[in-house]
Amino acid sequence: MLNENIGNCDSMQELILTENQLRRLPSSIGKLKNIYHFNVDKNVLEFVPPEIGQLVALSVLSLRDNRLSRLPNEIGNLKEMTVLDVAENR
């Protein structure tokens, strides 16, 4: 599991968590206001927390090859997003 303290890394711009068997993302992920590239490919995520919509600088979000069946409505708040990859999910 990804630690809740990840939200304290407020200057982080890129986060790659590929192939870590993550089951969930903490809600504190929404505090990463400067992140522009977020990759959580090849994990076992079943949902994405609504706080993902607070990542106002996010340009690339890759959730490929997880167990997602839906995305939160808050994804629509990501005005800077140019790439959303959700291939190979449910």
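In this predicted model, Ser 59 is in contact with Tyr 36, Glu 80, Met 81, Thr 82 and Val 83, leaving aside neighbours within four places in sequence. Ser 59 lies in the loop between β2 (37-39) and β3 (60-62). Its relative accessible area is 19%. Ser 59 therefore counts as buried, the cut-off being under 20%.

Between β2 and β3, the parallel pairing runs over 3 bridges. Here His 37 stands opposite Val 60 of β3.

Two residues draw attention for their backbone angles. Most residues other than glycine have a negative phi. Gln 21 has a positive phi of about 55°, although it is not a glycine. Gln 21 sits in the loop between β1 and β2. With a relative accessible area of 56%, Gln 21 is exposed, because the limit for that class is over 50%.

Glu 88 also has a positive phi, near 60°, and is likewise a residue other than glycine. Glu 88 is placed in the segment after β4. The relative accessibility of Glu 88 is 52%, so this residue too counts as exposed.

Technical notes. Residues are numbered from 1 along each chain as its sequence is written. This is a predicted model: local features need pLDDT of at least 70, side-chain atom pairs count only at pLDDT 80 or more; totals for chains, interfaces and linings use all residues. Side-chain values use heavy atoms; hydrogens and water are left out. Helices (H or I, at least four residues) and strands (E, at least two) are DSSP runs, numbered from the N terminus. Buried means under 20% relative accessible area, exposed over 50%, partly exposed in between (1.4 Å probe, protein chains only). Contact means heavy atoms within 4.5 Å. Two strands pair if DSSP finds at least two bridges between them.
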